[in-house]
Amino acid sequence: MSIIRYDPLREAMQQMRHQLFHQHLEQPFEETQGAAAGWSPLVDVFEDSEGITLKVELPEVDANDVDIQVEGNALTLRGERKLENADKQEGYHRVERAYGSFARRFTLPTTVETGNVTAQSRDGVLRIFLPKKAETKPRQIKVQVDSKLGGPGMQKQ
């Protein structure tokens, strides 16, 4: 039996990591389709008070060839990067970039308004914006100051 020293900072970091990656967006998992599948685009996920944004690296992938679907609490992203000049492959010395089909699937939190998801593509980066439901957005509550002594239900003495 070994003695493990309690480290509150480490425990807090583990809890924050869990909340960041599991509470809002669970770890994405990849689905492969067909024998040519074998790559997965890199994705940055960040959140602000308005919603969640996914930035997907898709260089040389035509935005019209990308399929984005939201079904239930899942967002699925599919597409294909084709090797240009495939008929001239014998002239290549080296092909290091991945080509073929890809699919990524993300589990969405219940705070996302799935009916208003938008997507934009620019410079090889696809931005998918997942807005938050109005009732889950933070609201500022203004404190009213009563100039009278005491407040409602309080009597002056």
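**Exercise 1. Which residue is the bridge partner of Leu75 in β6?**

Solution. This is a predicted model, in which local features need pLDDT of at least 70 and side-chain atom pairs count only at pLDDT 80 or more, while totals for chains, interfaces and linings use all residues. Residues are numbered from 1 along each chain as its sequence is written, and side-chain values use heavy atoms, with hydrogens and water left out.

Step 1. Helices and strands are DSSP runs numbered from the N terminus; a helix (H or I) has at least four residues and a strand (E) at least two.

Step 2. Leu75 has Phe106 as its bridge partner in β6.

Step 3. Arg81 stands opposite Gly100 in β6.

Step 4. Two strands pair if DSSP finds at least two bridges between them. β5 and β6 pair in the antiparallel sense, over 8 bridges.

**Exercise 2. Give the order of the elements in the chain, then describe how β4 is joined to β5.**

Solution. Step 1. The chain has 1 helix and 8 strands. Read from the N terminus, the order is α-β-β-β-β-β-β-β-β.

Step 2. β4 and β5 run antiparallel and are joined by 5 bridges. In this pair, Asp67 stands opposite Arg78 in β5.

Step 3. The two strands form a hairpin with 2 residues between them, and Gly72 in the turn has a positive phi of about 65°.

**Exercise 3. How many residues of β5 and of β6 are buried?**

Solution. Step 1. Apply the cut-offs: buried means under 20% relative accessible area, exposed means over 50%, and partly exposed is in between (1.4 Å probe, protein chains only).

Step 2. In β5, 6 of the 8 residues are buried, and the strand is mostly covered. β6 is also mostly covered, with 6 of its 8 residues buried.

Step 3. For the chain of 157 residues, 22% count as buried.

**Exercise 4. Which residues have the most contacts inside the largest nonpolar core?**

Solution. Step 1. A nonpolar core is a set of buried Ala, Val, Leu, Ile, Met, Phe, Trp, Tyr and Cys residues joined through side-chain atoms within 4.5 Å. In soluble globular proteins, nonpolar side chains tend to be buried together.

Step 2. The largest core has 17 residues, and those with the most contacts inside it are Leu54, Leu58, Ile128 and Leu130. The elements giving two or more residues to this core are β3, β5, β6 and β8.

Step 3. Take Leu54 and leave aside its neighbours within four places in sequence. Its contacts (heavy atoms within 4.5 Å) then include Val43, Leu75, Phe106, Leu126, Ile128 and Leu130.

**Exercise 5. Find the salt bridges and state which parts of the chain they link.**

Solution. Step 1. A salt bridge is a side-chain nitrogen of Lys or Arg within 4 Å of a carboxyl oxygen of Asp or Glu. By this rule the count is 2.

Step 2. Glu47 and Lys132 meet through their side chains at 2.9 Å, N to O. Glu47 lies in strand β2 (residues 43-47) and Lys132 in the segment after β8 (125-131), so the pair ties together parts that are 85 residues apart in sequence. Glu47 is partly exposed, at 34% relative accessible area, whereas Lys132 is buried, at 14%.

Step 3. The side chains of Glu60 and Arg97 meet in a salt bridge at 3.0 Å, N to O. This pair links distant parts of the chain, 37 residues apart: Glu60 is in the loop between β3 (51-57) and β4 (67-71), and Arg97 in the loop between β5 (74-81) and β6 (100-107). Glu60 is partly exposed, with a relative accessible area of 46%, and Arg97 is partly exposed, with 37%.

**Exercise 6. How far apart are Gly124 and Glu60, in sequence and in space?**

Solution. Step 1. Gly124 is found in the loop between β7 (118-122) and β8. With 25% relative accessibility, Gly124 counts as partly exposed.

Step 2. Gly124 and Glu60 are 64 residues apart in sequence and 6.5 Å apart in space, C-alpha to C-alpha.

Step 3. Leaving aside neighbours within four places in sequence, Gly124 is in contact with Val56, Glu57, Leu58 and Pro59.
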